[in-house]
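I am opening my notebook on a structure that is new to me, and you are welcome to read along. These are my entries on what I looked up.

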Amino acid sequence: MRNQSKLSKIISIEGVVILAAFVLMVIFFSLNADSFLIPDSIRYYINEAVPIFIIIVGLTFVIIAGGIDLSIGSVLGLSAGTSLMVSMWGWPFWVAVIVGVFTGLAFGLFNAVIITIFKVNDFIVTLGTLYIAAGALTVITDKIQLIGTKDTNFQRISDMSFLGLTSSIWFALVIVVIFELILLKSPFGRRVFATGIGEVPALISGINTQRTKFGAYLISGGLAGFGGVLLASHLNSVQSGLAGGYELTAIAGAVLGGVSLAGGRGSVWRAIVGALFLTTLNQGLLLMGVNPLIFQIVTGLCILVGVVVDRGVYKFALTFSTQTREVNSQILDRKKVSL
Amino acid sequence: MQDNAFAEVSSLKAGSQILKMSHISKRYQGVQALDKVELDVRSGEIHALLGGNGAGKSTLLKILSGLTNPDEGTIFFHGQRVAIESPRSAQELGISMIHQELSIIPDLSVLENIFLGQERLITQRKSWSPWVNRREMAEKVRSVATEFGITEEELWRPAGEFGALKKRSIEIVKALVVRPKILILDEPTSGLEEHEKELLFGHMRSLQRLGVALIWVTHHLDEVFGLADTATIMRDGKSVAQTSIEGINLNDLISLMFGSQAAALIEQPKIDRTAGKAGSKERFKTLEVVGFKREGVLKDISFDLWDGEILGIAGLAGAGRTELMRALMGIDKLDSGSINVFGKIGKIGHPEKAYELGIAMVPEDRKVLGILSEFSIEKSISISKLVNVLKKGFLSAKKEKDLASEFISKFSIKTPNSREKIRNLSGGNQQKVIISRCLNTNPRILIFDEPTQGIDIASKVEVHKLIRELAAAGKSVIVIASELNELIRLSDRIIILREGSIVGELESVPERIQINGYEVVEQDILYKSSRVKV
């Protein structure tokens with residue numbers, strides 16, 4: 001009983017389960033896929049996944065505040081388009097960066113206004129802006145072929161190498177650290193949690209919940225914009241439909257990392273571990289020579305199994321902790337809602 | 001409390017005993033919700049179930065309708081011992097309930113509403129058939145519907161078109177299609193206009209003639225006379241008396257419900273508040289509320305608040321007490337009205353602003369409105385004023401811990417440590433954490449809405465002591481409490497609300513109690529807040 005309660009204490013630390021699963025997966029792949037642990041291969045697939053890592057940070061803010069942002073994928077695509085376009089027109093790289101980031105911020109602002117001021121359902125609003133951003137990119141790419149800027153500075157934004165890592169990865173790391181700090185250590189971050197736990201009690205305790213949500217959507221949009229800039233710089237080519245579906249990968253990663261869709265629970269690093277889990281899974285399967293046609297099925301199964309196991313482990317942890325049964329059932333009820 | 005022996009008064013009207021609930025007890029999380037309650041109901045009688053908030057009426061009715069099971073006690077139905085384990089078994093016995101909140105689905109037709117959830121049961125169609133025959137349904141219900149004022153053609157119209165009275169009628173017909181022997185009506189007149197009430201009472205008499213026993217819960221005592229045959233009065237989870245209505249007057253009912261002796265429960269050593277009061281000439285106004293208006297809820301409310309006083313707001317459910325406080329906090333928008341806090345005149349558009357001006361609120365319904373369930377005690381206390389725990393712009397874990405520890409020891413909050421989640425604490429301790437949260441903002445005005453709702457007696461006394469200490473320290477306190485006893489014992493001054501207006505004010509309440517006695521004060525307030533004409 002003593003050991004069990006010790007074990008339950010460890011696994012009830014949030015994020016431990018997904019981290020353990022991730023480590024197990026890495027061990028599995030390194031034993032079964034020859035080139036899995038080669039540094040270049042790791043660097044490569046991580047570098048490719050940087051846009052996902054960046055939008056998942058903003059998404060984490062939105063979800064913890066009790067909302068959802070479906071537009072981030074196509075906003076990222078559109079921002080990639082606008083920044084590459086400006087660079088192709090011959091503007092200096094920093095103008096292209098600003099245009100890309102502002103494209104994202106504009107969509108974030110639009111989402112924020114419609115959701116918090118006009119009080120329209122967040123799912124519907126961001127579904128709408130998903131289409132608008134994707135459509136805008138289609139219109140742009142129909143007029144202009146977004147292939148290749150001659151500005152090498154623009155290309156170097158993402159592909160400089162520093163201490164063995166690309167600048168993309170460094171940007172992602174810095175963003176993760178800064179925004180994790182904001183989420184966990186700033187008054188704004190604390191209000192994000194409070195708003196997600198319960199909008200009404202948060203309001204009554206004196207929090208401007210609408211302003212808090214507003215900020216979260218703005219962050220989400222701005223980061224999607226910056227992610228777009230990095231992607232455009234990396235690919236140096238943007239087509240219609242770019243980054244479509246990234247939002248779903250990001251949501252899946254966040255949920256796997258234990259960011260509760262009901263709001264009020266999660267953190268940036270855990271969402272990142274979730275995303276890392278998904279991208280590593282993809283890479284591992286690829287290197288093992290699994291037929292790419294079934295990747296999506298495996299990914300889907302992993303998400304479901306991951307979430308169910310996480311819930312089971314949570315339940316186990318609670319059963320052996322000292323809390324009363326009544327509390328347990330309450331928490332499990334919440335858990336159900338959050339899935 | 002044994003002095004209130006269960007007293008059966010006078011002989012009851014004709015009709016055989018249909019229901020007997022005996023020695024029913026129920027505990028919720030350490031609180032004795034019901035304590036050996038007795039209820040006797042005869043067929044064809046209107047049986048009023050009376051008692052203040054928290055007296056245990058709703059728990060008793062939950063047991064009767066199978067929503068929860070008693071810990072102890074027996075239920076006899078037609079003299080036979082029965083177990084009501086689920087809503088289904090209650091329905092099979094013939095017990096139906098009409099809830100206070102209307103459960104009509106507006107987009108469905110009246111007929112569909114009536115048969116909602118029991119289509120097959122009524123029409124006896126083959127169980128595999130997925131279709132319901134609406135004609136057949138209409139056929140079955142027509143005569144009953146007409147009796148309660150629903151015409152044939154109205155059956156086919158969407159229920160959302162109709163007003164509160166017709167919706168009530170729909171619910172009654174809905175309850176009748178299962179041919180109940182006992183029908184429970186929970187505050188059936190809520191939301192009805194005066195003349196509609198008369199019609200509803202007519203319907204209740206018709207039900208009585210059909211031989212249905214009615215168990216009727218109401219807060220409007222004046223309605224009971226002339227309609228109910230019998231009343232069971234509950235207080236603090238006990239059935240205090242069962243009496244025939246003919247042999248009793250309003251005053252007796254009131255004292256049975258609220259119990260003058262029960263006052264002793266909250267009696268405690270008075271805190272010396274002369275410090276704040278001695279220089280009563282030097283008192284100053286902390287808050288001036290001017291002309292608060294909100295369509296259908298608040299009708300031109302103005303009052304003042306002084307430093308060091310406890311102002312009680314009395315009134316029945318729906319009188320606008322909570323709505324007034326929500327408006328004051330800036331949670332709900334007003335049509336017109338302004339406030340003056342320490343010379344700052346204006347409107348409060350958002351709770352954030354209220355806190356900035358030095359107003360803080362401990363809300364009612366702690367679980368839903370009060371606690372941020374996932375937060376630790378530390379986070380729960382600091383949240384309303386995070387500036388207090390900042391260090392170089394960031395939240396300091398140490399400062400949060402110190403802040404929490406300070407309040408934990410000050411209010412003796414019982415918890416293993418300050419990182420415990422607030423949802424794991426008992427109700428009384430949760431309330432202390434919320435009070436700490438308010439005090440962290442250093443407010444000049446504190447609003448307590450139902451401060452002792454759902455907490456045990458020991459914590460209740462502690463919370464009362466705390467409120468008195470705050471006032472003694474010069475804070476202005478506003479208290480709302482449905483339990484009149486609590487409100488009267490706590491307040492220096494009481495404002496009485498009825499239907500969104502101030503209908504009375506009692507100055508220097510403690511002195512009045514000393515001079516006139518507690519009962520006089522209580523009845524004064526009750527008369528003014530209910531529709532009883534003096």
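**Entry 1: a helix pair in chain A**

I began with helix H8 (residues 167-185) and helix H13 (residues 268-287) of chain A, whose axes come within 9 Å and cross at roughly 135°. I take axes as lines fitted to C-alpha atoms, for helices over the stretch in contact, with angles from 0 to 180 degrees between N-to-C directions. H8(A) and H13(A) are therefore oblique to each other. My angle words are these: under 35 degrees is roughly parallel, over 145 roughly antiparallel, 65 to 115 roughly perpendicular, and the rest oblique.

Which residues make the contact? On H8(A) I found A:Val176, A:Phe179, A:Glu180 and A:Leu183, and on H13(A) A:Val268, A:Trp269 and A:Ile272. I call two residues in contact if their C-beta atoms, placed from the backbone, lie within 7 Å. The residues of this contact divide into six nonpolar, no polar and one charged. For these classes, Ala, Val, Leu, Ile, Met, Phe, Trp, Tyr, Cys and Pro count as nonpolar, Asp, Glu, Lys and Arg as charged, and the others, Gly among them, as polar.

Notes on the source: this is a predicted model, where local features need pLDDT of at least 70 and side-chain atom pairs count only at pLDDT 80 or more, while totals for chains, interfaces and linings use all residues. Residues are numbered from 1 along each chain as its sequence is written, and chains are lettered from A and ligands numbered from 1 in the order in which they are written.

**Entry 2: another partner for H8(A)**

Next I looked at H8(A) with helix H9 (residues 187-197) of chain A; their axes come within 5 Å and cross at roughly 65°. H8(A) and H9(A) are therefore roughly perpendicular to each other. Here A:Ile182, A:Leu183, A:Leu184 and A:Lys185 of H8(A) meet A:Phe188, A:Gly189 and A:Val192 of H9(A). By class I get five nonpolar, one polar and one charged residues in this contact.

**Entry 3: where the chains touch**

I found 23 residues of chain B in contact with 21 residues of chain A. Helix H12 (351-356), helix H13 (366-370) and strand S19 (394-395) of chain B are the elements that give two or more residues to the chain B side. H12(B) supplies the largest share of that side, three residues. The chain B side has 13 nonpolar, five polar and five charged residues.

**Entry 4: chain B overall**

How many helices and strands does chain B have? I noted 20 helices and 23 strands. Helices (H or I, at least four residues) and strands (E, at least two) are DSSP runs, numbered from the N terminus. Of the 534 residues of chain B, 43% count as buried. Buried means that 20 or more other C-beta atoms lie within 10 Å of a residue's own, with C-beta atoms placed from the backbone; exposed means 12 or fewer, and partly exposed is in between.

**Entry 5: a sheet in chain B**

I followed an open sheet of six strands in chain B, with the order S17-S20-S21-S14-S22-S23 and mixed pairing. Two strands pair if DSSP finds at least two bridges between them. The edge strands are S17 (359-362) and S23 (501-506) of chain B, each pairing on one side only. Direction ignored, neighbouring strands of this sheet are turned by 20° against each other on average.

Strand S20 (residues 445-449) of chain B pairs with S17(B) in the parallel sense over four bridges. B:Val362 has B:Phe448 in S20(B) as its bridge partner. S20(B) also pairs with strand S21 (residues 476-480) of chain B in the parallel sense, over five bridges. There, B:Ile445 has B:Ser476 in S21(B) as its bridge partner.

Is S20(B) enclosed or open? Five of the five residues of S20(B) are buried, so this strand is largely enclosed by the rest of the structure. B:Ile445, B:Ile447 and B:Asp449 point one way from S20(B), and B:Leu446 and B:Phe448 the other way.

**Entry 6: a helix across the sheet**

Last, I checked helix H20 (residues 518-529) of chain B, which lies across strand S14 (310-314), strand S22 (493-498) and S23 of chain B. H20(B) runs at about 25° to S22(B). The buried residues of H20(B) are B:Glu522, B:Ile525, B:Leu526, B:Lys528 and B:Ser529.

How values were computed: Expected span 1.5 Å × (residues − 1).
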